[in-house]
Amino acid sequence: MTVVAERRLALLGGGFSTDEDGLLDGWVLGQVGTPRPRVCFVPTASGDAPAYIEQFLAAYASCSCEPSVLQLFRRDQDDDTLRTFLLSQDVIYVGGGNTANLLAVWRAHGVDRVLREAFDRGVLLCGISAGANCWAEGSHTDSFGPLTHLADGLGLLPGSVCPHYDGEPGRRASYQAAVAAGVLPAGWAVEDGVGALFADGVLTEAVTRTAGAVLYRVEPGGDGSGGGGVEERAVPCRLLSGSSRRPAPRA
């Protein structure tokens with residue numbers, strides 16, 4: 001009997017590049033049923049920034065895993081080698097940066113097709129910021145300067161994604177306006193500190209490293225009075241062990 005792999009991906013509102021506690025990184029590694037998972041970092045959205053790569057390797061060197069990096073701006077693999085490399089991973093972790101540029105470079109190199117194949121084979125896909133946006137049908141982004149919508153993505157996760165929902169001025173209102181106007185489909189708004197795991201397009205777990213951080217489901221609807229023409233539903237998040245407490249707001 002043929003066993004069909006569960007297709008999983010995770011949206012991250014933090015990780016090694018923003019947090020010192022390693023809680024979200026540990027949560028990601030804990031989703032893989034192998035003692036030393038192979039984790040490939042894909043820093044395309046940052047232009048393969050050397051400092052970003054060094055930060056990943058330094059953070060994951062102390063983890064029980066086998067870290068590696070896929071660079072495309074100085075690519076040294078042919079198509080077959082690249083495909084074999086990505087399909088051999090247990091986790092593919094996509095970094096932040098420019099979502100539009102990320103997607104364009106992937107498509108030029110055929111990485112988008114390989115990632116779809118990896119997803120279908122059960123490789124866990126995850127990422128932060130642009131690395132969370134890329135998996136959905138559409139996303140909320142500052143790829144073009146001002147905050148706007150990008151009705152483009154790999155479509156591995158139905159709907160849209162908004163990162164930094166609470167962390168950047170204007171994100172919440174701009175994303176809600178895009179969903180209310182129908183330029184982005186209903187989707188998931190990720191506050192900083194949150195991790196959301198999906199299996200076959202369905203949310204299976206939401207966690208947070210910071211008490212009070214929330215994952216939201218945002219859909220068209222509402223009466224427009226204070227909701228921007230959307231319905232925003234908070235999803236309960238499990239507080240990860242060792243998490244910090246979010247500071248009280250300033251008066």
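In helix α5 (residues 111-120), the buried residues are Val-111, Asp-112, Val-114, Leu-115, Ala-118 and Phe-119; buried means under 20% relative accessible area, exposed over 50%, and partly exposed in between (1.4 Å probe, protein chains only). Helices (H or I, at least four residues) and strands (E, at least two) are DSSP runs, numbered from the N terminus. Looking down the axis of α5, the buried residues fall within an arc of 160 degrees, so they line one face of the helix; that arc is taken from the directions from the helix axis to the C-beta atoms. The cover over these residues includes β1 (8-12), α3 (79-87), β4 (91-94), α4 (99-109) and β5 (124-128), with contact meaning heavy atoms within 4.5 Å. After α5 comes Gly-122, with a positive phi near 100 degrees.

This is a predicted model, in which local features need pLDDT of at least 70 and side-chain atom pairs count only at pLDDT 80 or more, while totals for chains, interfaces and linings use all residues. Residues are numbered from 1 along each chain as its sequence is written, and side-chain values use heavy atoms, leaving out hydrogens and water. The mean pLDDT (the predictor's confidence in each residue, from 0 to 100) is 93 for the chain, and 92% of its residues reach 70 or more. Over residues 245-251, though, pLDDT stays under 50.

Now for the cores. A nonpolar core is a set of buried Ala, Val, Leu, Ile, Met, Phe, Trp, Tyr and Cys residues joined through side-chain atoms within 4.5 Å. The largest one has 44 residues, and Ile-92 is among those that touch the most other members. Beyond its neighbours within four places in sequence, Ile-92 is in contact with residues including Leu-86, Leu-115, Ala-118 and Leu-125. Apart from this core lies another, of 23 residues, including Phe-41 and Leu-240.

Strand β6 (residues 136-141) has 5 of its 6 residues buried, so it is largely enclosed by the rest of the structure. Strands count as paired if DSSP finds at least two bridges between them. β6 pairs in the parallel sense with β8 (residues 157-162) over 3 bridges, and Ala-136 sits opposite Leu-157. With β7 (residues 148-150), β6 runs antiparallel, again joined by 3 bridges.

Finally, the salt bridges (a side-chain nitrogen of Lys or Arg within 4 Å of a carboxyl oxygen of Asp or Glu) come to 13. One of them joins Arg-38 and Asp-90 at 3.3 Å, N to O. Arg-38 lies in strand β2 (residues 38-42) and Asp-90 in the loop between α3 and β4, so the pair ties together parts that are 52 residues apart in sequence.
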